[in-house]
Amino acid sequence: MSPAASNQAAFSADALTYLVGGVSSSFRINPYTGRPLYIQRADGPYLHDIEGRRYIDFFMGHGACPLGHNRPEIRQALAAILEDGVFAEFDHPLTVALAKKIVEHVPCAEQVRYVNSGSEGTLLSLRLARGYTGRTRVVRVDGHFHGGHDYVLGNNLASKTDRDNPGDRLSKIGPLSAGIPDVIRETLFLVPWNRPEVIERLAGERGDEIAAILMNPIDYNNGCVTTTTEYLQAVRDICDRHGIVLIFDEILSGFRTGLSCAQGYYGVTPDVCLLGKALSNGVPIAAIAGKERIMRKVMDPEDPVVAGGTFSGNLMGCAAGLAAFSIMEAPDFFPVWLRRAGKFLDSLQSALDEEGFPARVQYLGCNFFIYVGTREPIREYRDLARLNAALARTFFQECIERGVYFHTDFTVSAMHDDAVLAEALNQIRSAAREALCS
Ligand SMILES: Cc1ncc(COP(=O)(O)O)c(C=O)c1O
């Protein structure tokens, strides 16, 4: 450990001096403590901060490491790349091999183009849909998160939705971000989630202006808010009738319910999807994958959708991605992992109930959320009004104090074994008890 890192206060002061806000991403401030965590090391289900404190981690790097931190398989794959001394800038057997795996497992994937982040992916997917259809407008879901570029900010979390919308009309677009021109608003329509009739009406009236519908097939950015096959199929049918490109953002939902991602889980295939995070278990890379007839617009000899960059298809990401697939492809990998996660999350609900702590543990696949203030299911964003923000803050602070780390979205990784989960359960139970007393 470096001398500067030996003292949290001195380190924080340094961080604040040299990094704006003391962090490299504004999303790193913990929503419950109001502070960032400075991490020295991560291993399996654990984080170790710069003072040597150990946390059982349920954040798993913004959900990017569902297989667990510091997996030996991924380390070995990265080491092999270092030996070869080529990191990007050329295609290579690994860029093709990873694309082949994506095409093998992800239903909509016929061809792949790599990018370096989820945000870059959602940006490119919208440009691709516009280039392919020759239309300008994009339909987004009020409350869905898609990263940090100009077309996807504003109404990008449940807390920022149009609360006056009873669910039968388009949502009003709220504040975007300082620095985003107002003209962006004219490129968007916002619809409430799980209301196909609103999209139906919009497409009937203005379908010939709409290039794409972009949505998260599972909303883990607002905890764990799910949808139905019927809704996704209704949207699929509308897109087919009106020539609209259906885009699923699977940056967070990918590889959490199984190898075929949320589209396989629900049995509805989009035209294009975005993959990232779990694709390479935390090593930077993302991909846009979709139908060949749409993807080929990228290489249109006359009017291509420009898509490329120095680090696109970087080999660290590709090597990690292939290692991640080799782990996930083991026949009983997902059933064993998801069974263990489900058992833990059911026990967590029971423990909180026994403590008389008002909370709803909601999960799908390996991701979950603890909604504090209600025991009833959270089916739509309006249900979030039942939550108790003050109690949630105290509870999650108490968890972190006890060495169980929660941030914005919660993952039970494949390396949270029964012993780790039992320890976490005890600490969370004790945090709930304490939160009720304070
Ligand atoms: C659903 C979803 N889409 C897109 C993104 C943006 O990805 P990145 O942070 O890699 O730009 C995120 C990140 O959390 C996400 O959860």
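Reader: Let's begin with Lys277: is it buried or exposed, or something in between?
Author: Lys277 counts as partly exposed, because its relative accessibility is 26%; buried means under 20% relative accessible area, exposed over 50%, and partly exposed in between, with a 1.4 Å probe and protein chains only. This is a predicted model, in which local features need pLDDT of at least 70, side-chain atom pairs count only at pLDDT 80 or more, and totals for chains, interfaces and linings use all residues. Residues are numbered from 1 along each chain as its sequence is written, and side-chain values use heavy atoms, with hydrogens and water left out.

Reader: And where is the place of Lys277?
Author: Lys277 sits in the loop between strand 9 (272–275) and strand 10 (286–290), where helices (H or I, at least four residues) and strands (E, at least two) are DSSP runs numbered from the N terminus. Its phi is near 40°, a positive value in a residue other than glycine.

Reader: What is 2.7 Å from an N or O atom in the side chain of Lys277?
Author: That is an oxygen atom of the ligand, and such a polar contact is a pair of N or O atoms within 3.5 Å; within protein, one must be able to donate a hydrogen and the other to accept it, and residues adjacent in sequence count only if both atoms are side-chain atoms. Taken alone the ligand exposes 390 Å², of which the protein buries 80%, with areas from the Shrake-Rupley method and a 1.4 Å probe, where for residues only the protein chains shown count as cover.

Reader: Which residues are around the ligand?
Author: They include Ser117, Gly118, Phe145, His146, Asn216, Asp249 and Ile251, where a residue counts if one of its heavy atoms lies within 4 Å. The shell divides into three nonpolar, seven polar and two charged residues.

Reader: What happens at the start of helix 10?
Author: There, a side-chain oxygen of Asn314 comes to within 3.2 Å of the backbone nitrogen of Met316.

Reader: And helix 11, how far does it reach from its first C-alpha to its last?
Author: Helix 11 (residues 333–354) has 22 residues and reaches 32 Å, close to the 32 Å expected at 1.5 Å a residue; the expected span is 1.5 Å times one less than the number of residues. Its buried residues, including Phe333, Trp337 and Leu352, pack against several elements, one of which is helix 13 (418–437). Helix 11 is followed by Gly356, whose phi is positive, near 70°.

Technical notes: Contact = heavy atoms within 4.5 Å. Nonpolar A, V, L, I, M, F, W, Y, C, P; charged D, E, K, R; others polar.
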